[in-house]
Amino acid sequence: MQQVTLGQIVAPHGVRGDLRILPLTDNVGLFQEMEYLLLPDGRRLTIVRARPHKNLILVTTEEIHTVEAAEALRGLRVSVRREDLPALPEGRYYVGDLLGMNVVDETGQPVGVFKDVLKTGSADVYVIAPPQGQDILVANVPDNIRDIDVAARRMVVRLPEWDGEDIR
């Protein structure tokens, strides 16, 4: 069962066991859409209410009723099962679906493995780890990202012209 991390519990909120969660996703609305959160030990917390508060999400659960019980969860990451996430519009992907994906250039030559996404404010930048050498950064724009096949775990990219050249 693949899980997707949504956030990390940073502190209790109030005395009734609410949780302050730092979102580790751009789609903070997922907390309000999901019915549960999973803890690393497999426990399931049923979400009664989730609401934004500053840069955090405040979550009330059926299972946690005291500040002490909430405090015991401090630092734990919360996740959901991948199959329970809402479907995304065509052309949009969850980062977890891309991690570890094989990346090739337009000629089919291996480039590396999808490693991470950098949020820049305009277009996201995909980080690709080649078999050797430094990471390759590719802006997520249609000109650069030619095809993504989640089922085949394969991404086709057009590399920047300077790639592979030592710029000095």
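Because the model is predicted, local features need pLDDT of at least 70 and side-chain atom pairs count only at pLDDT 80 or more, while totals for chains, interfaces and linings use all residues. Residues are numbered from 1 along each chain as its sequence is written, and side-chain values use heavy atoms, with hydrogens and water left out.

**View 1. The hairpin of strand 7 and strand 8.** Strand 7 covers residues 102-105 and strand 8 covers residues 110-118, where strands are DSSP runs of E with at least two residues, numbered from the N terminus. The two are antiparallel and pair over 3 bridges, pairing being assigned if DSSP finds at least two bridges between two strands. Val103 lies opposite Gly112 of strand 8, and 4 residues separate the strands, with Gly108 in the turn having a positive phi of about 90 degrees.

**View 2. The hairpin of strand 8 and strand 9.** Strand 9, residues 125-129, pairs with strand 8 in the antiparallel sense over 5 bridges, and Val127 in strand 9 is the bridge partner of Asp116. Between these strands there are 6 residues, and Gly121 has a positive phi near 105 degrees.

View 3. The Thr61 side chain reaches the backbone nitrogen of Ile64 at 3.2 Å. Leaving aside residues up to four places away in sequence, Thr61 touches Leu19, Leu45, Thr46 and Val48, contact meaning heavy atoms within 4.5 Å.

Definitions and conventions: Polar contact = N/O pair within 3.5 Å; in protein donor to acceptor, adjacent residues only side chain to side chain.
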